[in-house]
Amino acid sequence: MGALFVGWSLFFIFVLIRFRKGRHPAADHAGVRSGISTHLEFSVVLIEAVLLLGFAIPLWAKRVNEFPPTKDAILIHAVGQQFNWNFHLPGPDGQFGRRDVGFVTNSNPLGLDPNDPAGKDDLVTLGELHVPVDRPVIIELSSKDVIHNFCLPHMRIAADAIPGSLIPMWFKPIKTGTYEIVCGQLCGLGHYGMKGTLVVDSPPEYQAWLKERAELAGTQNAPAPGAPPAGPAPAPPKTENPAAKPESKPLVPAASPSPNG
Ligand SMILES: [Cu+2]
């Protein structure tokens, strides 16, 4: 882009001098007589078409269609609603609990099925998502109401969240920090305020956040997967919330087949 900018700027200055009024007091209505400019313009169109169709579009298709291996990636469900982003994390068991719109209440915004054992350790957060640095993140998008667009400008990625669809997208954060999540589709009156926060943590900070969320969710016994914080502990997790009581209900064994099929 820099080369184009300099090139076109030089051409613009050349044209200003070459076709100045002093040299051409009367306008020439016939214009260019040689065929050079036609050939030049045709060549530019051809080169740009080759760059776009031959390189840019296939490279971009490769980037968005080739997903990183799921064993290395963090998998998260993002659900848009007017006017917020909800995030559903599978918890230590790595399994997403079943969701059904019939279970949606104020305290259960995603409609997690309370009878599904896979959902017992799931985490649901509103507006703020943490991910560890240097690991691919796969986000599966959906929406509770209208079409939204999960847009991460800093990660150079965006995708529509469409009710009834599960649309995957991925990115890999390479720098810790706090970034903005915006809604990229005009989705209603509150669209302007439909923002969220993406926090890219170091791995120990991420584990601490997971632990804190698990404690808030009342699953205090949830072990943080692969998180032995050795050495000086960075950012210790916040003190336990006294209001959050661990649930003592035993988990339903996942092996027994459900009578409902
Ligand atoms: Cu929206």
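Entry 1, chain layout. I read off the order of elements from the N terminus as α-α-β-β-β-β-β-β-β-β-β-β-α. That is three helices and 10 strands. I note that the model is predicted. I counted burial over the chain: 21% of the 261 residues are buried. I also looked at contacts with a separation of 6 or more, and 65% of them join residues 24 or more positions apart.

Entry 2, the sheet. I traced an open sheet of five strands with mixed pairing, in the order β4-β10-β9-β6-β7. Its edges are β4 and β7; each has a single partner strand, so one side of each lacks a neighbour in the sheet.

I went through the strand pairs one at a time.
- β9 and β10 run antiparallel and are joined by six bridges. On this pair I found Thr 178 opposite Val 199 in β10, and Gly 177 opposite Val 200 in β10.
- β6 (residues 148-152) pairs with β9 (residues 177-183) in the antiparallel sense, over two bridges. Phe 150 stands opposite Cys 183 in β9.
- β6 also pairs with β7 (residues 157-161), again in the antiparallel sense, over five bridges. The two form a hairpin with four residues between them, and in the turn I noted Arg 156 with a positive phi of about 60°.

Is His 148 buried or exposed? I find 32 other C-beta atoms within 10 Å of His 148, and the cut-off for buried is 20 or more, so His 148 is buried. His 148 lies in β6 and stands opposite Ala 161 in β7. I listed its contacts, leaving aside neighbours within four places in sequence: Gly 80, Ser 143, Ala 161, Cys 183, Gln 185 and Cys 187. I also took the C-alpha to C-alpha distance from His 148 to Ala 159, which is 8.6 Å at 11 residues apart in sequence.

I checked the length of α3 against its residue count. At 1.5 Å a residue its 14 residues should span 20 Å, and the end C-alpha atoms are 20 Å apart, which agrees. I then looked at where the helix sits: α3 lies across β4 and β10, at about 140° to β4. Which residues of α3 are buried? I get Pro 204, Tyr 206, Ala 208, Trp 209, Leu 210, Arg 213 and Ala 214. Among the elements that cover them are β3 (123-126), β4 (128-132) and β10 (195-201).

The largest nonpolar core has 29 residues, and I looked for the members that touch the most others: Ile 76, Ala 78, Phe 87, Ile 139, Leu 141 and Phe 150. Helix α3 (residues 203-216) supplies the largest share of this core, five residues. Phe 87 touches Ile 76, Ala 78, Val 124, Thr 125 and Leu 129.

Conventions. Residues numbered from 1 in each chain as written. Predicted model: local features only at pLDDT ≥ 70, side-chain atom pairs only at ≥ 80, totals over all residues. Core = buried A, V, L, I, M, F, W, Y, C linked by C-beta atoms within 7 Å. Buried ≥ 20, exposed ≤ 12 C-beta atoms within 10 Å, placed from the backbone. Contact = placed C-beta atoms within 7 Å. Expected span 1.5 Å × (residues − 1). Pairing = 2+ DSSP bridges. Axes fitted to C-alpha atoms, helices over the stretch in contact; angles between N-to-C directions.
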